[in-house]
Structure formats: C-alpha cells, structure tokens
Amino acid sequence: MQSSSLSSRNLSIAQHKMREAGVPEQAIRVFSSFYRQLEQGSCGVIAEAEIEPLADITHVDHLDFDSGSLRAAASATVVIKLNGGLGTTMGMDKAKSLLPVKDGLSFLDLIAHQIRHLRSELDVTLPVLFMNSFRTHHDTLDALGPYPDLRVDDLPLGFVQNREPKLTVGDLAPVTWPADPELEWCPPGHADLFTALDTSGVLDMLIDRGYRYASISNADNLGAYPDPAMMAWFAASGASCAAEVCRRTAADVKGGHFVLRRADGRLVLRESAQIDPTDFPVASDRSVHRYFNTNNMWFDLRALRRALAQADGVLDLPLIRNEKNVDPCDPQSPRVIQIESAVGAAISLFDTSTAIEVDRARFLPVKTTNDLALIRSDVYELRPDHQLRPVCNVPPTVDLDPRFFGLISDFEARMPTPPSLCGATSLSIRGDWRIGENTAVRGTVTLDAGQDQRHLLPGTVLAGT
C-alpha cells in the first residue's frame, strides 16, 4: 500500500488528466471512489459464509403473454448494447462488432435486422442504443450508416462510454506512453453505463419520452435477441433490476454468478475475483451454485434515475482490478491497472431485484476464434427473424491452436470456410493447418501438424471416435 501523500498526489494527477481530456466531473468522482478502493487494497471478496446460493427460479419457457402484453412492454422498452470492445485478443484494432460472423453479416448487421424485424412485427418504435468506447464510436456509427431508419426521433444511436487513465502497478500513477498516448486511456468497464447514460443526458431523454425499461446486453453476445416475452416478463415483475442466468456447465465454473446476501437478502453478483481461495471448491460446485451470469440485464429506468440521484451520481459498486500491459499487443510494455466495474453488480443496489433462468441459446458470446469457427459453421443457422440458433442438439467444442489461429487474420487465412461441424463432438487443431473448402468433421477429431505446415484437402471428411 502506498503512502497517503503519494496516493493523493497521483490521484490529483489522474483527476487533472481527466479534466484536461474533457471527462465529465461525475465520471471523475466515480473514478476517484474506485481509486480509493484500489489504494486501500480492496478486492471485494464475498465469502461463502456471507451468502446463500440462488435457489430455483422462474424459467423463460414458463412465460405466457398475450399479444397485447407483448406489444405494451415492447412499446416501453429500449435496447442498449454494450459495444466498447475492440477484439484485441483476436488482433483487431477496430470495434469487434464490425467482424462478419454469419452469412457475411456482422454483429451490428444482425442487431439492426433483429430490431427492424421486431418493430415491423409488433408495430413499436423499440429504440436501440449502442454504448461505445472512445475507440469504437465512430467506426460503429459509420457501419450503421446503411440503416438510416434505425435511429428513433432525436434519440442518439450511440453514446460514448467515459474514459479513465491506466495506472502503473507500482504507485497507481497515470501511465505515460509516448509511443501511442491513446493507450494511456481505457474504458471503465460496463458499469460505466450508468454514469454515461446520466452525463450524456440519454437517461432523462428516454424517461421523458415515455420509455420505462431497458434491456442491456453485450454486442458480442449473439444470443441476446430482444425477446418480447422477456420484455413482458420484466414489465410484469415489478422489479427494478433483473438478471438473466443460465445453468452452469463444466465450462462455466470460473464465471461470475449471482448469490443472495444473508445480511439483507439482496441479490449480489460474485465475480471470480471476489471468491476467497478457500471457497473455490464450493463456489465451483455446480450442485450448489447452479447458475452463471450471462450479462443480459434489465433495468427500470425510473428506479435507476432515483438510485443515481440518491447516490449523487456515484453508485456503490465493487471494484474490479484488471491488470494488463499498457500496450495489449506488446507483452514487454509496462504493466498497468485498469479500474473496472460490472454492470450486473448494480443488482445489489435495489430492494426489488430478481433473476430468471434462460436457455443457453441466449448466451452465445464470441470471444475467440474458437467461438467464431463454431458460429460460422453449419452448427448455427440464421432464422427468418434474424436469430442465430443451433441446428444440432449439443454444439461441439472447438479448440484451435492459438499460435496459428488466435488472430483473426491468421484464422481467416487458414480457415476461410469452416468445416461442417454439425456431426462433430469436438475438433482440436494443433500446429499450422490449412483447411480446404467443403471439409467435414464427424465425432471427435484431433489434427496435429507437428512442426510442419499441413493442408486438409477440399472435400475431406474426417471421421473420429
């Protein structure tokens, strides 16, 4: 822990840097609050003894609403997509949502088509807003140019997430990086949504125009279709906030999950970083903690406005300490801390919060080229309502060698057309393979090129165990 005098000086430097860059004062106060948590060594641990697991909850399959209820709820709902990611893990330097994912359509194209479809089907306005980072905003608006009808009245199509300085690990001072000064900044995590909605004036605009509910989801979650039944469920629930959760599988034990805080009975999001190491065995036990967080959230906009007003714009949310290199593409660059917070953590701020269990189809994120290969393959189809849905009962697993397939440029050079995977259980590729067109995988298949470059000829069918 650093001295208080050094800490105060470095915080003042950070605050000055933010003011010089035009960051709103409310966002600077939020950053300062998290900075104080960071310097005090706060890690937000939530002990197993302090919580109860989330018990049986309503499943989305049990929802049944008439057309009038669906339309009424959709008429009062706004869709907000969290769109700040650059896809740096895949070697991208632009908004990840620009990446073509299915039939030549990008994330943004699919979202635009879904919104248009629902507007036509229900005869509602259904605004869609994108919370962009300072790095994705202009690219996103340019990409949405072919959809001039997407914007509703004077509501903006996008608003910009705030920015904050990356901090050096040693003394929490704002980092300097003359090679690319833009890399000295980072977005403050998804929970900046609340500050950005407030400081941009968008929250009050939505409320003034009669919108009551907001559906929040990541732009790279292709399963987060704006479902009218979900809108009607949330409107009927009377809740201020709600979370969509899925049943955990072996692949989800490390993710965040919702729990009940014994002290007040409120729902709380517990991220992996907030689990005490001694609690890992219980926290990862799927028979105890059965649900994981999809990051699909619902908020009552009026309740959010009241919460912000009561907190003077600085919501009491736990800190996420994210340590990275100042240049994500240069592992030799200095280590820095990015102060972040999760949008789902806001569920603990409200007395009337709830959760609903959804099918795995509503959680379809694309984080790696493994995910992209699966989505682009015949395992998923694009339906007339522009939803992506699996064709086979159990989608296979894909594990591509990150040395040769991890970056999007390498992936597309080696696998321009993904093989047919609908009959596969798993596909693992090790080494430098070039995959020809019209290939197919059946069962469990492992390809290992060793030290050579290998080619899978067009039309090859691989039959494994």
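Predicted model: local features only at pLDDT ≥ 70, side-chain atom pairs only at ≥ 80, totals over all residues.
Two strands pair if DSSP finds at least two bridges between them.

## The parallel sheet

Arg-442 has Ala-463 in S23 as its bridge partner.

## The antiparallel sheet

Another open sheet has 3 strands, in the order S8-S16-S15, and its pairing is antiparallel. Strand S8 (167–168) and strand S15 (320–325) stand at the edges; each has a single partner strand, so one side of each is left without a neighbour in the sheet.

S8 is joined to strand S16 (residues 335–340) by 2 bridges, and these strands run antiparallel. Leu-167 has Ile-337 in S16 as its bridge partner. Helix H2 (residues 25–39) packs on this sheet and touches S8, S15 and S16. The direction of H2 makes about 125 degrees with that of S16.

## Strand S11 and its neighbours

Strand S11 (residues 241–247) is mostly covered, with 6 of its 7 residues buried. S11 has bridges to strand S14 (residues 291–300), 6 in number, and the two run antiparallel. S11 also has 5 bridges to strand S17 (residues 353–357), and here the two run parallel. Particular residues show both pairings: Ala-243 has Met-297 in S14 as its bridge partner, while Val-245 stands opposite Glu-357 in S17.

| Strands | Bridges | Direction |
|---|---|---|
| S11 and S14 | 6 bridges | antiparallel |
| S11 and S17 | 5 bridges | parallel |
| S8 and S16 | 2 bridges | antiparallel |

## Cysteines

A disulfide is a covalent bond between the sulfur atoms of two cysteines. How many disulfides does the count come to? The count comes to 0 disulfides. Cys-241 is in no disulfide, and the nearest cysteine sulfur, that of Cys-246, is 17 Å away. Cys-241 counts as buried because its relative accessibility is 0%.

Cys-422 has its closest cysteine sulfur in Cys-392, at 3.5 Å. The cut-off for a disulfide is 2.5 Å, so the sulfur atoms of Cys-422 and Cys-392 are too far apart for a bond.

## Helices H3 and H8

Helix H3 (residues 67–75) and helix H8 (residues 228–237) pack with their axes 8 Å apart, at an angle of about 80 degrees. That angle makes H3 roughly perpendicular to H8, because angles of 65 to 115 degrees count as roughly perpendicular.

Which residues of the two helices meet? From H3 come Ser-69, Leu-70, Ala-73 and Ala-74, and from H8 come Pro-228, Ala-229, Met-231, Ala-232 and Ala-235. By class, this contact of H3 with H8 has 8 nonpolar residues, 1 polar residue and no charged residues.

Helix H6 (residues 192–199) has 7 of its 8 residues buried, so it is largely enclosed by the rest of the structure. The buried residues in H6 are Asp-192, Leu-193, Phe-194, Thr-195, Ala-196, Leu-197 and Asp-198. After H6 comes Gly-201, whose phi is positive, near 85 degrees.

Is Arg-212 buried or partly exposed? With a relative accessible area of 26%, Arg-212 is partly exposed. Leaving aside its neighbours within four places in sequence, Arg-212 is in contact with Ala-76, Phe-299, Asp-300, Leu-301 and Arg-302. Leu-82 is 130 residues from Arg-212 along the chain, and the C-alpha atoms of the two are separated by 19 Å.

Definitions and conventions: Residues numbered from 1 in each chain as written. Heavy atoms only, no water. Axes fitted to C-alpha atoms, helices over the stretch in contact; angles between N-to-C directions. Helix = DSSP H or I, 4+ residues; strand = E, 2+ residues; numbered from the N terminus. Parallel < 35°, antiparallel > 145°, perpendicular 65-115°, else oblique. Contact = heavy atoms within 4.5 Å. Nonpolar A, V, L, I, M, F, W, Y, C, P; charged D, E, K, R; others polar. Buried < 20%, exposed > 50% of the residue type's maximum accessible area, 1.4 Å probe, protein only.
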